[in-house]
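I opened my notebook to get to know this structure one piece at a time. Come along as I look things up.

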Amino acid sequence: MSDLRAAFVIDYQNVHLTGAGLFEPHQPPHEHLVHPLHYANRIVSCRNQRQRPGFPHAVVTKVLVYRGLPSADTDPRSYGRNLAQRAEWELDPRVRVTHRPLRYKYHRDGNGRKVTDQQGRWLTIGKPQEKGIDVLVALAVIREARDPGGLFIGVFRFSSASALS
């Protein structure tokens with residue numbers, strides 16, 4: 001009996017913040033990152049351990065990660081960290097990260113131009129927002145569920161976004 005294939009579709013920001021909030025609520029979230037492939041492998045491993053004799057095990061064949069990308073101009077440190085994480089995760093060919101630029105609100109002067117600080121960086125209002133990630137996740141779930149390439153035990157969507165529920 002051959003193994004079943006498992007594809008994971010992950011809204012990274014929601015998985016990351018939900019996990020940090022549940023397991024380390026008194027720590028800064030950036031100190032508790034989730035490695036998407038390790039996460040998927042752990043879930044499949046737990047599933048396989050509970051599988052009854054005679055039923056096939058599953059293997060992780062694909063992990064699609066969707067996340068916002070900070071602006072290189074507005075937040076160069078976060079931008080660099082984000083790209084470094086992507087490079088590390090994608091060392092395994094089963095992982096593919098799709099970025100979508102974060103949306104920022106900027107302070108503006110009387111003429112409507114963006115205001116800068118002393119270093120020439122634009123001044124932002126509040127935290128940047130992810131826009132469109134939930135749509136990309138929903139489309140990926142549909143695409144993966146319809147993949148004619150073989151049998152999937154399921155497409156795992158991890159998100160706390162209520163728009164997808």
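Entry 1: I started with β2 and found it mostly covered, with nine of its 12 residues buried. By buried I mean under 20% relative accessible area, with exposed being over 50% and partly exposed in between (1.4 Å probe, protein chains only). Helices (H or I, at least four residues) and strands (E, at least two) are DSSP runs, numbered from the N terminus.

**Entry 2: ground rules.** I noted that this is a predicted model, where local features need pLDDT of at least 70, side-chain atom pairs count only at pLDDT 80 or more, and totals for chains, interfaces and linings use all residues. Residues are numbered from 1 along each chain as its sequence is written, and side-chain values use heavy atoms, leaving out hydrogens and water.

**Entry 3: neighbours of β2.** I looked up which strands pair with β2, where pairing takes at least two DSSP bridges between two strands. Strand β1 (residues 4-11) pairs with β2 in the parallel sense over eight bridges, and there V9 stands opposite L64 of β2. β3 also pairs with β2 in the parallel sense, over seven bridges; R67 has H99 in β3 as its bridge partner. The chain gets from β2 to β3 through α3, and this β-α-β crossover is right-handed. That term says that, with the strands pointing away from the viewer, the path from the first strand over the helix to the second runs clockwise.

**Entry 4: the helix in between.** I then turned to α3 (residues 76-89), whose buried residues are S78, N82, Q85 and W89. Why do they sit on the same side of α3? They cover an arc of only 65° around the axis, so they share that side; the arc is taken from the directions from the helix axis to the C-beta atoms. I found these buried residues packing against α1 (12-23), α2 (36-50), β2 (58-69) and β3 (95-101).

**Entry 5: a loop residue.** I looked for T74 and found it in the loop between β2 and α3. Is T74 buried or exposed? T74 is buried, at a relative accessible area of 15%. Leaving aside residues up to four places away in sequence, T74 touches Y104, Y106, W122 and T124, a contact being heavy atoms within 4.5 Å.

**Entry 6: the whole chain.** Last, I stepped back and found four helices and four strands, running β-α-α-β-α-β-α-β from the N terminus on. Of the 165 residues in the chain, 31% are buried.
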